[in-house]
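Visitor: Could you help me learn to read the features of a protein model, one at a time?

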Amino acid sequence: MASTAPANEEPLGNSKPLLFFTALPGEGHTYPLITIAAAMIKRGYPVFFHGGAQFEADVLAMGAEFSVIPSMLDPVPDPEAVMAAGQAITDLRVPLFVHGLVNFLYNTMPARTQLLEETIVKLKERHPDRQIIIIHELCSMNVTPFAYGRPVPEGFTSFPKTIGIGAVNISAPSVDTAPFSMGLPYDTSRSCLLRNKELHKLADQGPWRPLIEAAERAMRTAGCSTLPEGHPFGSWYAAPDVCFQMCSPSMEYPLSDMPPKLRFAGCLPPKVSGSDFEAPNWWGDVLDRAGKGDKKIVFVSQGTAHVDYSQLIVPTMEAFRDRDDVLTIVTLGIRGAKLGDDIDVPQNVRWTDFLAYDRILPHADVFVCNAGYGSTSHAVTNGTPAVLAGEVLDKKEVTMRAVYAGYAWDLESAAPTAEQIRTGVEAVLGDKKYKERAMELKAENEGMDCMVTIEKQIIEFTQ
């Protein structure tokens with residue numbers, strides 16, 4: 001096990017269990033767990049983090065030990081061919097989603113499970129008398145095989161207690177919804193319940209079939225003696241001892257068949273520290289505008305996964321070009337990124353390579369983004385209504401839930417025109433119900449206190 005410990009590591013000196021965190025090596029999957037891990041360290045728990053190499057510095061800085069999960073592409077024989085196949089179906093929502101799940105999650109799961117086992121075995125050798133509790137992001141699935149018959153790792157009499165963290169929308173199949181990623185609205189009328197039943201059957205026989213086969217193949221390769229029943233997504237919520245969805249109930253559909261182990265913890269709290277903020281030279285313009293009724297701040301981000309600025313950032317800048325009543329704030333989402341020299345930046349636009357959402361959203365009147373689950377969570381925890389361009393992968397599902405919750409507008413395109421964005425933003429700014437609902441959801445999540453909820457579960461599992 002290649003691991004890195006803090007330079008000042010000392011022997012574990014208290015009786016609290018060692019918390020072993022693991023997540024799929026992607027930002028939206030990993031950073032929520034880093035935030036939880038940091039909070040648990042402050043509460044006195046020793047932490048070991050098993051994650052992507054790009055997160056090592058952040059993990060060590062908070063005082064945890066670290067080991068690397070290889071890139072999700074590493075176990076794939078021909079990454080270029082995989083990516084090329086994905087590009088060929090980019091415009092097809094369900095096939096593209098299935099393609100990503102098969103190649104980057106399930107085909108790599110056996111190798112990631114083996115690595116996790118080797119890691120916790122060596123960790124147990126170092127701390128034989130210390131209880132280990134595993135806190136894992138649900139999409140990582142590297143603990144799932146142990147719930148379906150994979151032998152208990154050496155040195156353990158039983159597999160450690162597991163706490164699953166939901167950092168994406170609830171995707172378990174439900175009689176109340178169409179198959180996940182199809183983009184159909186929540187509707188529990190009798191006709192739609194019948195529709196959903198047939199769509200689930202057809203999807204399992206058609207577009208979901210490669211995923212179902214890949215999941216069965218991965219579970220067998222990972223040493224499982226039994227296989228989960230039903231759609232593979234169901235096992236995400238059945239395998240852990242308990243699951244926490246990182247939002248309030250009002251941000252999800254009220255499913256009649258909610259996974260029995262799933263509980264709502266509330267959104268992660270905003271994370272802003274004052275000491276390390278290097279304000280851009282135009283930050284005073286934001287402070288001058290914030291909270292003034294006749295001067296609006298529109299904040300736009302393309303996110304970190306799909307960074308074609310022509311899809312969302314450029315049309316948002318054009319939507320409000322040179323308007324005195326609108327200040328458009330742009331973040332490119334990646335440190336060191338730049339707008340191309342060919343992009344004509346309007347005089348009422350201020351842009352930077354990277355700006356923490358929790359820094360700018362308290363000042364923004366509306367947030368335009370591509371509907372990442374983390375982005376919408378930040379909108380809620382800052383009480384900021386959203387205008388969403390979510391269409392690919394799971395982003396349409398995120399968008400529909402945000403619209404259902406009442407704080408967001410759906411642009412119905414991943415690459416909206418300037419006119420579509422202007423219409424959406426003006427609709428949100430022109431109707432106070434969006435802001436009021438965002439503030440209600442903010443208060444609801446603050447009242448839940450997710451860190452207290454998670455620690456209570458850790459205490460309950462502590463032997």
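Guide: Here is a short tour of the cores, a sheet and the cavities of this predicted model.

Visitor: Let's begin with the core. Which residues of the largest nonpolar core touch the most other members?

Guide: A nonpolar core is a set of buried residues joined through side-chain atoms within 4.5 Å. Here the largest one has 67 residues, and Leu105, Tyr106, Trp208, Trp236, Ile329 and Tyr407 touch the most other members. Helix H4, residues 93-106, gives the most to this core, with seven residues. Apart from it lies another core, of 32 residues, including Val47 and Phe66.

Visitor: What does Trp208 touch?

Guide: Leaving aside residues up to four places away in sequence, Trp208 touches Phe97, Val98, Leu101, Pro179, Phe180, Ser181, Ala203, His231 and Phe233.

Visitor: Now the sheet. In what order do the six strands lie?

Guide: The order is S11-S10-S9-S12-S13-S14, in an open sheet with parallel pairing. Strands S11 (349-352) and S14 (408-410) each have a single partner strand, so one side of each is left without a neighbour in the sheet. From one strand to the next, the twist averages 20°.

Visitor: How many bridges join S13 and S14?

Guide: Three bridges, in the parallel sense, pair S13 (residues 386-388) with S14. For Val387, the bridge partner in S14 is Trp409.

Visitor: And how much space lies in the largest cavity?

Guide: About 190 Å³. Of its 23 lining residues, Ala172, Thr177, Ala178, Pro179 and Phe180 are the closest to its centre. Helix H13 supplies the largest share of the lining, three residues.

Terms used. Residues are numbered from 1 along each chain as its sequence is written. This is a predicted model: local features need pLDDT of at least 70, side-chain atom pairs count only at pLDDT 80 or more; totals for chains, interfaces and linings use all residues. Side-chain values use heavy atoms; hydrogens and water are left out. Buried means under 20% relative accessible area, exposed over 50%, partly exposed in between (1.4 Å probe, protein chains only). Helices (H or I, at least four residues) and strands (E, at least two) are DSSP runs, numbered from the N terminus. Contact means heavy atoms within 4.5 Å. Two strands pair if DSSP finds at least two bridges between them. Axes are lines fitted to C-alpha atoms, for helices over the stretch in contact, and angles run from 0 to 180 degrees between N-to-C directions. On a 1 Å grid over the protein atoms alone, a cavity is a set of points where a 1.4 Å probe fits but cannot get out, and a pocket is an open set with protein on both sides within 12 Å along at least five of seven lines; lining residues have an atom within 4 Å of a point. Grid points are joined across faces, edges and corners, and a volume is the space filled by probe spheres set on the points.
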